[in-house]
Each structure stands twice: as structure tokens, then as C-alpha cells.
Amino acid sequence: MENLNKHIEHTLLKQDAKLEDFLKLFEEAKKYEFLGVCINPLYVKLAKENLNGSNVKVVTVVGFPLGANKTEIKAFETEKALDDGADEIDMVINVSKLKDKDYDFVINDIKTVKSACKDKPLKVILETDLLTKDEIKKACELCIEAKADFVKTSTGFVKNGVGAKAEDVKLMYETVSPYGLKVKASGGIRDKETALKMLDAGAERLGTSSGVKIVSD
């Protein structure tokens, strides 16, 4: 597939990542002309400085990785990230409230963060490893109602989790695409074959720490 690099958000969300790891990530993102980098909020300013003059987007996460913070804290994180130069926000859905069928809470949680995003795109991480197929579909419907821009599969932080699965990506795509939302597949995408499967299933974006390997295969 041509321009595979333009679907990739080169990702580094590891708890023990060091400065040299981030600097390497930014250089790789520029070299391979990836669509973006995805990093924790503390490193947004660093990313913006190092990617200045390139077309690489700076993507960061809020409510990460559990999604269980208070809504106003997620919104505050979002505002701070935008102040630091973030181009896009990936928020984690409140999985507990989704499973409790407290849909009003979930919608408000997403709407509040979307409002804090202003004109910047919002992706909502569903954490598909923890959800049934019906819950994945319902989560997508709530994201449509809350006017998110993307639905995303995973954080990559679920113990023994698989991460992105093509069948889940297909379900998400079929649910949200008629309403103009897109899908980001992330978690466990480590080779070109898997990356292409996700795109074939309907993903527009790929979140992966294996971007260099994928485009070099």
C-alpha cells in the first residue's frame, strides 16, 4: 500500500521512556514522514519544539490509561495539552460507566472533553479488550451522539490484552462511518501485514510503536 506512513501515529507511551527515546521518536517521525506522534502530555511541548517545521502532528492522551478520572480533570488535561501545542486529543472512555449503562455520564464525559478541544480532533479510546461486541457498538453510538471525531480501539495497557482486532475495527467502522466519524486502530500492531488488515477493516489511523518496522517491511 502506498503512503502507509501517512496513516501512522508513531507512538511512545511507555512509563519508563527516557528523553533519548522521545528524541529518537521525533527524528524517526520526521525521517519517515509519519502522520503524527502520540505521546503523554508531559512531552507535548518537547514534541512541538522538535517537530517544528515538519508536517508531523502532535497527538496526546487524556484520562490515560484507565479513563476513570473525573470529567473536569479530563477537560483540564485537554486544555493544558492544547496550550502546550497538541494537535489532537485521544481520551479514554469511562469503561466502568459504560458497563453500568450510565450512558448520560459517558456522553457528558465525551462532550465536555470535545468542548475543551475547540477545533482540534477528539478520538475516544473504547478499550475493546474489556468490552463485548454489543458494548463496542453502544460505545460507538455514544461517541456519535457526543460528536467525537474518531473512535479508537485500545490503550495497549490492558494486561494480557490483544489490542486491535480486525473484526472490532470493522464493527466500529460500520457503526460510525455513516455519521462521518473515523476509526483509529491501536494496540498490538507490530508488522505490515497486521497494519494492512486494520486499514482493510476500515481504520483510517494506526497507533503503533512499530512504525519504522511496518514501513520498512
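Residues are numbered from 1 along each chain as its sequence is written, and side-chain values use heavy atoms, with hydrogens and water left out. Because the model is predicted, local features need pLDDT of at least 70 and side-chain atom pairs count only at pLDDT 80 or more, while totals for chains, interfaces and linings use all residues.

The structure contains 3 aromatic pairs (rings of Phe, Tyr and Trp, the last by its six-membered ring, with centres within 6.5 Å; planes under 30 degrees apart are stacked, over 60 edge-to-face, the rest tilted). One of them is the stacked pair of Phe22 and Tyr43, at 3.9 Å centre to centre and 20° between the planes. Phe22 belongs to helix α1 (residues 19-31) and Tyr43 to the loop between β2 (36-39) and α2 (44-50), so the pair ties together parts 21 residues apart in sequence (helices, H or I of at least four residues, and strands, E of at least two, are DSSP runs numbered from the N terminus). Phe22 is buried at 2% relative accessibility, whereas Tyr43 is partly exposed at 24% (buried is under 20% relative accessible area, exposed over 50%, partly exposed in between; 1.4 Å probe, protein chains only).

Phe64 and Phe157 form an edge-to-face pair, with ring centres 5.1 Å apart and planes at 85°. Phe64 lies in the loop between β3 (57-62) and α3 (71-84), and Phe157 in the loop between β6 (150-152) and α7 (166-176), so parts 93 residues apart in sequence are tied together. Phe64 is buried at 19%; Phe157 is partly exposed at 41%.

The charged end of Lys138 sits over the ring of Tyr103, 4.6 Å from its centre (NZ of Lys or CZ of Arg within 6 Å of the ring centre and within 35 degrees of the ring normal). Lys123 is placed likewise over Phe150, at 5.6 Å.

In the whole structure, 23 salt bridges are found (a side-chain nitrogen of Lys or Arg within 4 Å of a carboxyl oxygen of Asp or Glu). Asp90 bridges to Lys152 at 2.9 Å, N to O; Asp90 is in strand β4 (residues 88-92) and Lys152 in strand β6, 62 residues apart. Asp90 also bridges to Lys184 at 2.8 Å. Lys184 lies in strand β7 (residues 182-186), 94 residues from Asp90 in sequence. Relative accessible area is 0% for Asp90, 3% for Lys152 and 1% for Lys184.
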